Amino acid sequence: MKEWTREERYRVLQSADDIRGLYEAIKKSDYRQTYHLQPITGLSSDPNGFVYHKGIWHLFYQWCPWGAVHGLKYWYHTVSKDLVHWENRGVGIYPDSFYDNKGVHSGSGFSTGEDLYLFYTGNHRDDNWVRTPYTCVAKLEDSGELVKAPQPLFGPHENYTEHQRDPKVVYDEETQKYYILLGAQSKDLKGKVLIYSSDSLLEGWTFAGELQVPGFENLGGMWECPSIERISGKDVLVFSPQYTTLPHRNQNTNHNVYLLGKMDYQNLTFTAEGDYRHLDYGFDFYAAQFAAGVKDSDRAILTAWMGLPDNHYPTEAEDWEGSLTLPRELRLVNNRLIQRPIEGMASLRKQPLTLDKELPRVCELEVLNARKQDFDLRLFSKKDGSGGFRISYDSKTKLCTVDRSQMDQHFNAELGECLTIPMEDELTKLAVYIDKSSVELFINDGQATFTSHLYPTAAEKYYAADSHLELKGWLLKQAVSDDFVV
Ligand code: FRU
């Protein structure tokens with residue numbers, strides 16, 4: 001694995017020519033996704049500035065151009081009319097000011113209907129590499145250019161550590177104020193959400209206080225990327241707790257969870273109904289963000305980074321890694337959060353598959369197992385039926401197990417290669433979305449989800465399924481442009 005010096009990781013991109021050669025080489029990779037967003041070169045991580053504005057969905061990602069390494073971060077801009085087909089727009093926000101000299105870190109979008117604002121964390125470091133995070137704003141001009149406000153909205157709060165970032169902006173009808181939620185860490189190393197409020201989007205921000213989340217004071221040592229949305233009258237608080245292990249996550253110390261409950265902006269309290277739940281049970285899912293500006297109060301839209309901090313993936317050798325998950329629709333059904341792939345995904349279906357043991361590298365599968373029995377399904381197994389990405393279900397324990405330890409390429413194996421999903425109801429239905437280097441499972445119409453990167457080799461191109469499983473499938477069309485736009 002390549003060792004990067006700080007100078008290499010924090011190099012400033014001078015022109016598109018700096019990475020044109022890299023792009024041409026990466027384009028030939030057998031693992032380039034076809035209907036998931038991915039970096040043109042280098043590394044993509046968190047989704048940023050996800051917002052619907054004047055008929056267009058804007059979605060940015062954290063981008064480091066040089067390789068599969070976390071260095072100087074830019075916001076890379078993509079757009080879509082339907083959340084299914086995406087186009088590259090090039091760099092959105094550059095780390096080119098004093099306040100973001102070492103990276104434009106994560107944040108959110110907010111549309112007033114007329115104007116679109118992007119709120120982000122300016123990651124400033126001094127000569128001694130001491131970090132000061134600033135909360136900043138930029139406006140998307142009609143020309144497509146993003147223009148930064150000359151001054152940050154505010155700097156860090158002295159009672160917390162340097163970890164204060166990822167502004168999520170919301171407007172609360174009851175108090176008629178704007179709020180910024182920031183992911184933070186207290187000095188005794190606990191995960192927190194800080195809240196700032198203002199009567200106006202662009203000025204007058206003051207520290208309102210720390211969000212109280214009774215019962216969850218000890219869940220992790222830092223909460224990254226808090227995001228909140230109201231669905232059918234209920235609030236959903238999503239965040240990424242770090243520095244702790246949690247049930248069903250093996251040795252992982254980075255997670256993405258949600259709480260259902262009630263957000264009270266007046267008293268800065270989120271009262272949860274019940275325990276936290278994993279937003280996704282998979283190996284590679286983090287920093288999820290709700291889209292702003294969704295005009296339907298019964299549905300939220302969310303996407304996440306298909307990856308985890310500190311993890312490494314086989315395409316690192318090709319100088320790129322990362323992808324965003326499919327955007328999902330979230331609804332409340334019988335007081336439970338249900339996540340489904342975005343409705344328009346069906347428009348990508350080409351002809352139905354004739355399933356004859358070989359598995360295409362880009363497809364959608366539907367597994368119907370209405371008899372509620374144990375089952376075993378192996379994707380990308382070898383010709384003799386061995387190996388593969390194994391999904392199995394035990395009806396006695398109601399546990400679904402996903403095991404990637406039998407694949408040829410191993411990655412992040414030290415964190416565990418097998419994860420379990422505890423099902424509340426019997427597992428009867430499974431939708432599987434396979435792209436060139438990923439697989440996403442939606443179980444029982446979205447009661448649980450599982451996201452994983454996957455890098456099958458040439459020999460891994462079959463599947464094996466228990467005979468009682470009914471399988472249907474479709475080839476899927478390409479939906480993201482892989483154009484070189486910088
Ligand atoms: C989450 C995160 C954010 C930060 C960004 C930097 O993955 O650590 O908290 O803003 O990544 O790339």
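Author: In this predicted model, R361 counts as buried because its relative accessibility is 18%, and the limit for that class is under 20%. The residue belongs to a loop, the one that runs between β23 (349-352) and β24 (363-368). One is the backbone oxygen of K436, at 2.8 Å from the side chain of R361. The other belongs to D30, whose backbone oxygen lies 3.1 Å from a polar atom of that side chain. D30 and K436 are also among the residues that R361 touches; Y31, F380, I434, D435 and P456 complete the set once residues up to four places away in sequence are set aside.

At 1% relative accessibility, S381 counts as buried, since the class takes in values under 20%. Beyond four places in sequence, S381 touches S386, G387 and G388, and also A459, E460, K461, Y462, Y463 and A464.

R336 falls into another class. With a relative accessible area of 22%, R336 is partly exposed, because that class lies between 20% and 50%. R336 sits in strand β22. Its contacts outside the four neighbouring places in sequence are R331, E424, D425 and Q447. R336 and L260 lie 76 residues apart in sequence, and their C-alpha atoms are 8.7 Å apart in space. N335, in the loop between β21 (328-333) and β22 (336-341), has a relative accessibility of 43% and therefore counts as partly exposed. N335 is not a glycine, and its phi is positive at about 65°.

The account now turns to an open sheet. Five strands form it in the order β4-β3-β2-β1-β20, and the pairing is mixed. The edges are held by β4 (87-93) and β20 (320-321); each has a single partner strand, so one side of each is left without a neighbour in the sheet. In general, strands of a sheet pair through backbone hydrogen bonds, either parallel or antiparallel.

At one end of the order, β1 (residues 42-53) pairs with β20 in the parallel sense, over two bridges. There L43 stands opposite E321 of β20. The loop between β1 and β2 (56-64) contains K54. K54 also has a positive phi, near 50°, and is a residue other than glycine.

Further along the order, β2 and β3 pair in the antiparallel sense over seven bridges. In this pairing W57 has S80 of β3 as its bridge partner.

The ligand is surrounded by D46, Q62, K73, H105, S106, R165, D166, E224, Y286 and W305. By residue class, this shell divides into five charged, three polar and two nonpolar residues. A polar side-chain atom of D46 lies 2.7 Å from an oxygen atom of the ligand. In the case of K73, an N or O atom of the side chain is 2.8 Å from a ligand oxygen. For S106, a backbone N or O atom lies 3.0 Å from an oxygen atom of the ligand. Taken alone, the ligand exposes 310 Å², of which the protein buries 90%. The elements that give two or more residues to the shell are β5 (104-111) and β9 (160-172).

Methods: Residues are numbered from 1 along each chain as its sequence is written. This is a predicted model: local features need pLDDT of at least 70, side-chain atom pairs count only at pLDDT 80 or more; totals for chains, interfaces and linings use all residues. Side-chain values use heavy atoms; hydrogens and water are left out. Helices (H or I, at least four residues) and strands (E, at least two) are DSSP runs, numbered from the N terminus. Buried means under 20% relative accessible area, exposed over 50%, partly exposed in between (1.4 Å probe, protein chains only). A polar contact is a pair of N or O atoms within 3.5 Å; within protein, one must be able to donate a hydrogen and the other to accept it, and residues adjacent in sequence count only if both atoms are side-chain atoms. Contact means heavy atoms within 4.5 Å. Two strands pair if DSSP finds at least two bridges between them. A residue is near a molecule or strand if one of its heavy atoms lies within 4 Å of it. Accessible areas come from the Shrake-Rupley method with a 1.4 Å probe; for residues, only the protein chains shown count as cover. Ala, Val, Leu, Ile, Met, Phe, Trp, Tyr, Cys and Pro count as nonpolar, Asp, Glu, Lys and Arg as charged, and the others, Gly among them, as polar.
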